[in-house]
Amino acid sequence: MKFSRLIFANLFRKKIRLALTIGSFAVALFLFAFLAVVRDAFSRGADIASADRLFVINRTSIINPIPLSYRDKMLRIPGVKMATHNNWFGGVYQDEKNFFPQFVIDPENQRQVYPELIVSDQEWNNFLKDRQGAIVGVHTAQRFGWKIGDRVPIKTTIWGSGNWEFNIDGFYHGKRAQDDETQFWFQWDYFEEHVPDALKGQVGWYVVRVDSPDDAVRVSKSIDAEFANSPFETKTETESAFAASWVKQFGNIRFLILSIGTVVFFTLLLVTGNTMAISVRERTAELAVFKAIGFSHRAVLLFVLAESLLISLLGGAMGLLLAVMAIPVMANALNGMLPQLVLAPSVLALGMVTALAVGLASGLLPGLGAMRLQIVNALRRV
């Protein structure tokens with residue numbers, strides 16, 4: 001700390017260059033945080049999946065239905081604790097840009113299968129009594145300004161034609177920040193009343209809870225064996241495997257983000273390292289004078305490293321602060337086109353560690369060069 005004035009004086013010697021370097025750091029750390037958030041959004045389903053939940057879909061494709069009659073047969077399989085079913089609705093609210101996931105649910109078992117999604121008992125009871133009732137995630141409700149009692153029309157694009165009317169009876173929220181709070185649920189009976197006769201009694205997929213996560217593999221095989229060689233064969237997998245396979249449809253998101261992040265890291269390393277190398281080269285005579293008046297090799301190395309670390313600290317903090325302010329705005333602007341973007345504290349911590357690592361690495365080589373500088377040779381260049 002006693003050399004702080006000297007370090008800051010050297011740091012602000014070239015103000016434009018300092019500003020550009022810090023700005024580069026800030027942009028890179030903002031990009032780092034955004035990529036980490038997007039990666040988390042796509043992989044969140046697999047990361048937070050419950051170990052005791054299984055997804056049962058049609059073996060051909062998830063877009064092919066499964067008979068409702070399969071539920072009772074599943075419940076008779078040893079190890080199955082409970083089962084619920086869902087259908088994808090895929091409607092449009094006002095404009096196609098207003099996307100949010102809408103599901104037809106089995107109201108008798110939904111809360112038991114998804115205990116992490118919380119609805120108050122009063123709101124749930126009101127929902128059960130209302131054939132046109134709907135339960136909405138708090139994120140979607142806030143996005144559209146919906147309140148309990150509002151009547152919401154949603155135009156169907158898959159199940160016939162026209163608008164379906166819903167009453168907002170309650171909201172759900174997740175126990176964890178990563179839980180999906182964008183869904184719109186409505187009742188199976190209301191759905192059955194409106195779909196064409198040929199589609200009645202057909203569900204999109206089942207979600208099964210097992211007695212123990214250790215039973216997941218055995219129960220999966222038993223379910224698929226139960227319906228083997230039937231007109232509607234099934235494919236059963238754990239919730240994490242189902243979420244991971246869903247993400248793969250978008251491509252290898254993890255590899256893409258890792259590649260971009262690696263390029264950003266090395267570009268930042270080159271920019272900062274070049275800045276520090278130029279700074280040391282410009283101060284060759286001054287560094288020789290420092291050594292001549294008694295500063296040790298270690299002190300000269302620490303001067304250079306301190307400058308590099310300060311640049312990385314300031315740039316990193318600015319970039320991550322920008323991410324904290326901008327990512328919620330970007331999440332709202334995307335209107336549900338991506339999963340909910342959540343900037344976790346771990347991402348901020350990792351961003352600062354990365355920034356400091358880059359600062360240390362970029363200042364190390366110029367610092368070692370300054371440390372090894374010979375006084376006579378340095379003064380000869382003046």
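What volume does the largest cavity have? I looked this up first, and the value is about 120 Å³.

**Ground rules.** I am working on a predicted model, where local features need pLDDT of at least 70, side-chain atom pairs count only at pLDDT 80 or more, and totals for chains, interfaces and linings use all residues. Residues are numbered from 1 along each chain as its sequence is written, and side-chain values use heavy atoms, with hydrogens and water left out.

**Cavity.** I noted the rule: on a 1 Å grid over the protein atoms alone, a cavity is a set of points where a 1.4 Å probe fits but cannot get out, and lining residues have an atom within 4 Å of a point. Points are joined across faces, edges and corners, and the volume is the space filled by probe spheres set on them. I get one cavity of 30 Å³ or more. Its lining includes Asn10, Arg13, Arg17, Thr275, Glu307 and Ile311. Helix H1 (4-11), helix H2 (15-47), helix H10 (253-282) and H12 each supply at least two lining residues. Helices here are DSSP runs (H or I, at least four residues) and strands are E runs of at least two, numbered from the N terminus. I sorted the lining by class: four nonpolar, four polar and four charged residues. Nonpolar covers Ala, Val, Leu, Ile, Met, Phe, Trp, Tyr, Cys and Pro; charged covers Asp, Glu, Lys and Arg; the others, Gly among them, are polar.

**Second largest pocket.** A pocket is an open set with protein on both sides within 12 Å along at least five of seven lines. Of its 20 lining residues, Phe32, Ala36, Ile257, Gly261 and Leu350 are the closest to its centre. H2, H10 and helix H13 (345-371) each give two or more residues to this lining. The classes are twelve nonpolar, four polar and four charged.

**Helix H1.** I checked Phe8, which is found in helix H1. Phe8 is partly exposed at 38% relative accessibility; buried means under 20%, exposed over 50%, and partly exposed in between (1.4 Å probe, protein chains only).

**Salt bridges.** I count ten, each a side-chain nitrogen of Lys or Arg within 4 Å of a carboxyl oxygen of Asp or Glu. Arg111 pairs with Asp121, with the closest N and O atoms 3.3 Å apart. Arg111 lies in helix H4 (residues 110-113) and Asp121 in helix H5 (residues 121-129), so the bridge ties together parts ten residues apart in sequence. Arg111 is partly exposed at 25%, whereas Asp121 is exposed at 52%.

Glu165 and Arg151 also meet, at 3.6 Å from N to O. Glu165 sits in strand E8 (residues 163-174) and Arg151 in strand E7 (residues 151-155), so this pair joins parts 14 residues apart in sequence. Asp215 and Arg218 form another bridge at 3.9 Å. Arg53, Glu116 and Glu239 are linked in a network.

**Surface patch.** Leu321, Leu322, Val324 and Met325 make a nonpolar patch of about 370 Å². Patch residues have over 30% relative accessible area and no salt bridge; like charges are joined within 9 Å, and nonpolar side chains (Val, Leu, Ile, Met, Phe, Trp, Tyr) within 5 Å. Areas come from the Shrake-Rupley method with a 1.4 Å probe, and for residues only the protein chains shown count as cover. I placed Leu321 in helix H12 (residues 297-333).
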